[in-house]
Every structure is written in structure tokens, then in C-alpha cells.
Amino acid sequence: MDLPTIFAAGAPLIGWTTHGLVLNRRLATARRDPLTGLHTRDSFTARAERIIQRHPDRASVLLVDLDHFKAVNDTHGHAAGDAVLAATAMRLSAWCGHSGIAARLGGDEFAAIVLDGPDRVRDLFEALHQPVTHVGRVVPVSASVGLCAVAALPVISLTDALAAADRAMYAHKSDGRLARRR
């Protein structure tokens, strides 16, 4: 076979490979929030359901909502708000470690699923209440956290766990305390 024939035969393969790589990169980007790098809602849902199926006795679902986030943006500016969101994402992701997944649901709302969450949630709560420094200014941060141990549910499902974590979070939102449902 001569060289031009080899190149002619290989061109479609190179084209399809390049196309596949571009599509794969676009899908990966769509599964991540551009500001925080955390999973998006759809990506989180698929992965969280797998964790619940594999470890229904150990999985815990958490919802995190930043308290008074609009005031952070209004007082310190949107760049400071973005810094708070990024710091929250980093803290939540670090807390999840390899046993869980964190996601940004939108705005100032985050979710996570972890194994053995009730034993470790106090550490997360404390980390989320650390101030963030942005352009030499200290920005106070507080968050409400709701937790649901999946095994405590009458029917084990991600939807029910998120709803229970949401109820737990809002039950104590006004005082910024850690809320649990077991």
C-alpha cells in the first residue's frame, strides 16, 4: 500500500477520534458547574443514586444553603460572592473526600452524599462557617445544613432523602444550626 492510500484510509478514523474527544470534553464540562467545579444536579443525581444502591445503610444526603448570601453580594460585591461560592465548594468537596460527591444545585445551594455522614457532619458545619478572605477583606460566611441518613427513611430513595434533608435544613435555617433527620 502506498503512503497516500494509507493517509486516505486513516483520515476518517482521525476525524471520528477527534470528534469523539471533543464530544467527551463537552459532556464533562456540562456535568460540572463552571464556577465551583462541582457536579451539576444531573451528574450528582446519577452518582448519588448509585451510592444509595450500593450503601443504603451508610449513605447520608446533605443540603447546604448559604445564609444571607444576597447580603454578601450586596455588601462586598459579586466577585466576593463568587469567592464565597468557590470556597464553600472546596470545603464541601474536601469534606466529602473519596467517600462522597458534592454538587452545586444552583445559586447558593449545594448538595452532597457521603458515607457515615452523621459521624462527620459537625466538621463540615464548622468548616462552612469560616470566613473567606477576598481582595484583603474578610467576608463572613454562614450556612444552614440539613442531613438525612438514608437508612432512616421508610422508602429508600434519593428524592425522599433530599426532601428530608431540605425539611431538616429549613427547620433550623433561622438560627443557622446544624439540622439532622435520622
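**Reading helices in a predicted model**

Colleague: How should I read the accessibility of Ala79, at 47%?

Modeller: Since this is a predicted model, the value is computed from predicted coordinates. Ala79 has 47% relative accessibility and therefore counts as partly exposed, because that class lies between the cut-offs of under 20% for buried and over 50% for exposed.

Colleague: At what angle does helix 3 pack with helix 4?

Modeller: Two packed helices are described by the angle between their axes and by the distance between those axes. Here helix 3 (residues 69-76) and helix 4 (residues 78-96) pack at an angle of about 140°, with their axes 6 Å apart, which means that helix 3 is oblique to helix 4. Helix 3 contributes Phe69, Val72, Asn73 and His76 to the contact, while helix 4 contributes His78, Ala80, Gly81, Val84 and Leu85. By class, this contact has five nonpolar, four polar and no charged residues.

Colleague: Which residues of helix 2 are buried, and where do they fall around its axis?

Modeller: The buried residues of helix 2 are Ser43, Phe44, Ala48, Ile51 and Ile52. Seen down the helix axis, they fall within an arc of 155°, so they line one face of helix 2. On the other side, Asp42, Gln53 and Arg54 are exposed.

Colleague: What do the buried residues of helix 2 pack against?

Modeller: They pack against strand 1 (59-66), strand 2 (101-106), strand 3 (109-115) and helix 6 (158-171).

Conventions
Residues are numbered from 1 along each chain as its sequence is written. This is a predicted model: local features need pLDDT of at least 70, side-chain atom pairs count only at pLDDT 80 or more; totals for chains, interfaces and linings use all residues. Side-chain values use heavy atoms; hydrogens and water are left out. Buried means under 20% relative accessible area, exposed over 50%, partly exposed in between (1.4 Å probe, protein chains only). Helices (H or I, at least four residues) and strands (E, at least two) are DSSP runs, numbered from the N terminus. The arc is that of the directions from the helix axis to the C-beta atoms. Contact means heavy atoms within 4.5 Å. Axes are lines fitted to C-alpha atoms, for helices over the stretch in contact, and angles run from 0 to 180 degrees between N-to-C directions. Angles under 35 degrees count as roughly parallel, over 145 as roughly antiparallel, 65 to 115 as roughly perpendicular and the rest as oblique. Ala, Val, Leu, Ile, Met, Phe, Trp, Tyr, Cys and Pro count as nonpolar, Asp, Glu, Lys and Arg as charged, and the others, Gly among them, as polar.
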